[in-house]
Amino acid sequence: MGGPSAEREVSLVSGRACAAALRGEGYEVVEIDAGRDLSERLSACAPDVVFNALHGRWGEDGCVQGMLEWLRLPYTHSGVLASALAMDKQRSKQAFRAAGLPVVESVIARRTEVEAAHVMAPPYVVKPNNEGSSVGIHIVRSEVDTPPRLGGQMPDIVMVEAYAPGRELTATVMGDRALTVTDILTDGWYDYHAKYAEGGSRHVVPADIPSEIFEACLAYALRAHRALGCRGLSRTDFRWDEARGLDGLILLETNTQPGMTPTSLSPEQAASCGISFGALCRWIVEDASCAR
């Protein structure tokens, strides 16, 4: 848990919550804040299973997965290729398109180009191509808006994608089963604060939406999970424009390391299906392996 990514703090919260739950399930747990000595600490610890509660780059993009494969330590969640694909938003979109899933148009551009002029017709969204948790999101709503000033946390290469209006929906896949759909209600954009702060958002689970849309979210989430080659737990996010019916349902991205905090969506969805937080963590551990 922890690690050096932009999502370090929420990863620490996820890790502590999972460690406590696993101890409650009878496991012996060692908590490791992932640093440059991670391989040495893991070798010294010699665990039966590594529970990966890292979020963001290095922990979620195939890097730590490759190290765990090298060490031959069974680990949780997705493997090297699926993790790398899912974290690279542009390449994951290519996989989704190939699987017939609905995504919006997007381009990869240099930060300097994005700050100098509109690289696509507004409205559009600018985001890092390889971070999660709505880190660094900028929305340009109209032609009259000036190009965004991206700030120091943004990388030199970013994704610019067409803005998808509508409601925020998400669905968790657990193994070969899509659990349910959550409707995420916020006062504005579902940003980092809305995701992790108490009261930052309200979750309606199961979502009170038409059955056609509900079932499509479940089907698309499972297809996305399989298209990327995910294992264990994943969560796929959508926008839905009610005025356009099923044509208004857009797949945004798939998260291979869903948050496991008190306000996180996947544990909440599991609970709505009768799966306690401890049971969910136990299932994730028992699903662990190498060669994922």
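Let's begin with a cysteine. Select Cys217: at 0% relative accessibility it counts as buried (buried means under 20% relative accessible area, exposed over 50%, partly exposed in between, with a 1.4 Å probe and protein chains only).

A note before moving on: this is a predicted model, where local features need pLDDT of at least 70 and side-chain atom pairs count only at pLDDT 80 or more, while totals for chains, interfaces and linings use all residues. Residues are numbered from 1 along each chain as its sequence is written, and side-chain values use heavy atoms, with hydrogens and water left out.

**The cysteines**

Stay on Cys217 and find Cys273. Why is there no bond between them? The closest cysteine sulfur to that of Cys217 is in Cys273, 14 Å away, and that is too far. The structure holds zero disulfides (a disulfide being a pair of cysteine sulfur atoms within 2.5 Å). Cys18 is in none either; its nearest cysteine sulfur, that of Cys281, is 4.1 Å away. Cys18 is buried too, at 2% relative accessibility.

**Zoom out**

Along the principal axes, the C-alpha atoms fill a box of roughly 55 × 45 × 35 Å. Of the 292 residues, 53% count as buried.

**Helix 9**

Now select residues 265-272, which form helix 9; Leu265, Ser266, Pro267, Gln269 and Ala270 are buried here. What covers them? The cover includes strand 5 (167-174), strand 6 (177-185), strand 7 (202-204), strand 8 (233-240) and helix 10 (277-286). After the helix comes Gly274, with a positive phi near 85°.

**Start of helix 1**

Jump to Arg8 in helix 1 (residues 8-24). Arg8 is partly exposed at 28% relative accessibility. Beyond its neighbours within four places in sequence, Arg8 is in contact with Gly2, Gly3 and Asp33 (contact means heavy atoms within 4.5 Å). Draw a C-alpha distance from Arg8 to Gly59 and you get 10.0 Å, for 51 residues along the chain.

Most residues other than glycine have a negative phi, and most peptide bonds are trans. Here are some exceptions to click on.

- Trp58 is not a glycine, yet its phi is positive at about 75°. Look for Trp58 in the loop between helix 2 (38-45) and helix 3 (63-71); at 38% relative accessibility, it is partly exposed.
- Arg72 also has a positive phi, about 60°. Its loop runs between helix 3 and helix 4 (80-87), and at 52% relative accessibility Arg72 is exposed.
- Pro122 and Pro123 are joined by a cis peptide bond, omega about 0°. Pro123 is in the loop between helix 6 and strand 2.
- Pro206 is in the loop between strand 7 and helix 8 (211-228).

**Last stop**

Finish on Ala121, in the loop between helix 6 (111-116) and strand 2 (124-128). Buried or exposed? Ala121 is exposed, at 54% relative accessibility.

Note on methods
Helices (H or I, at least four residues) and strands (E, at least two) are DSSP runs, numbered from the N terminus.
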